[in-house]
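Work through the exercises below with the sequence and the model open. Each task is followed by a solution in steps.

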Amino acid sequence: MAEDPTPACAAIEYVGYSSELQLPSAIQLIENDLSEPYSIYTYRYFIHNWPSLCFLAMDGQRCVGVIICKLDQHRERKRGYIAMLAVAKEYRKRAIGTTLVQMAIRAMKEQDADEVVLETEYTNLGALALYQRLGFIKDKRLYRYYLNGVDAFRLKLFCKTMVSD
């Protein structure tokens with residue numbers, strides 16, 4: 001019988017961003033997972049301005065999931081934005097991404113967010129399913145949005161009307 005490559009079901013600990021020492025492992029995870037290249041300044045822009053909206057999933061000392069978000073004014077609304085979500089491939093299908101998104105939404109709601117938006121590749125069926133399960137709706141298709149030429153969907157969650165406490 002083949003050995004299961006999935007890591008043992010040790011408890012995953014979810015922590016808020018608290019130190020620049022966490023940044024390299026978060027960057028490595030995102031770079032392995034997302035199609036867009038980001039500079040260190042992009043990461044620092046989000047993490048230094050909205051540290052309370054960045055969360056990590058840890059398996060011991062290893063970062064196995066990360067979400068990086070922001071919240072600011074957009075027209076007359078407070079808009080949350082999920083900039084980056086990544087989960088290590090061997091840790092997927094364990095609700096880590098769902099838990100990180102739920103933590104981020106909860107934190108944004110506590111800061112009075114009216115809505116949360118994000119973009120994802122229109123071919124990323126796993127991400128689309130995750131966000132739709134959480135109540136996000138497709139807002140619009142963004143043609144050739146990513147540097148690799150792939151289209152994106154902008155997804156939106158209305159916090160005041162669509163998210164229960």
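**Exercise 1. Find how strand 2 pairs with strand 3, and in which sense.**

Step 1. Strand 2 and strand 3 are antiparallel and share six bridges. Strands here are DSSP E runs of at least two residues, helices are H or I runs of at least four, and both are numbered from the N terminus. Two strands count as paired if DSSP finds at least two bridges between them.

Step 2. Across this pairing, Phe-55 stands opposite Ile-67 in strand 3.

Step 3. The hairpin of strand 2 and strand 3 has two residues between the strands, and Gly-60 in this hairpin has a positive phi near 65 degrees.

Step 4. Strand 1 (13-16) is joined to strand 2 by four bridges, also in an antiparallel arrangement. Tyr-14 has Ala-57 of strand 2 as its bridge partner.

A note on the source: this is a predicted model, in which local features need pLDDT of at least 70 and side-chain atom pairs count only at pLDDT 80 or more, while totals for chains, interfaces and linings use all residues. Residues are numbered from 1 along each chain as its sequence is written, and side-chain values use heavy atoms, with hydrogens and water left out.

**Exercise 2. Decide whether strand 2 is buried or exposed, face by face.**

Step 1. In a regular strand, side chains alternate between the two faces of the sheet.

Step 2. Cys-54, Leu-56 and Met-58 point one way from strand 2, and Phe-55, Ala-57 and Asp-59 point the other way.

Step 3. All of these are buried, where buried means under 20% relative accessible area, exposed over 50%, and partly exposed in between (1.4 Å probe, protein chains only).

Step 4. Six of the six residues of strand 2 (residues 54-59) are buried, so strand 2 is largely enclosed by the rest of the structure.

**Exercise 3. Describe the surroundings of Gly-65.**

Step 1. Gly-65 belongs to strand 3 (residues 62-74) and is buried, with a relative accessible area of 0%.

Step 2. Apart from neighbours within four places in sequence, Gly-65 is in contact (heavy atoms within 4.5 Å) with Leu-29, Phe-55, Leu-56, Ala-57, Ala-86, Val-87, Ile-96 and Leu-100.

Step 3. Ala-88 is 23 residues from Gly-65 in sequence, yet their C-alpha atoms are 6.3 Å apart.

**Exercise 4. Which strands pair with strand 7?**

Step 1. Strand 5 (residues 115-121) runs antiparallel to strand 7 and is joined to it by seven bridges. Here Glu-121 has Ala-152 as its bridge partner.

Step 2. Strand 6 (residues 137-142) is also antiparallel to strand 7, over five bridges. Lys-140 has Arg-154 as its partner.

Step 3. Strand 7 (residues 152-158) is mostly covered, with six of its seven residues buried.

**Exercise 5. Describe the largest nonpolar core.**

Step 1. A nonpolar core is a set of buried Ala, Val, Leu, Ile, Met, Phe, Trp, Tyr and Cys residues joined through side-chain atoms within 4.5 Å.

Step 2. The largest has 55 residues, and those with the most contacts inside it are Val-66, Ile-67, Ile-68, Ile-82, Val-101, Tyr-131 and Phe-136. Helix 3 (residues 96-110) gives the most to this core, with eight residues.

Step 3. For Ile-82, contacts beyond four places in sequence include Ile-67, Val-101, Tyr-131 and Phe-136.
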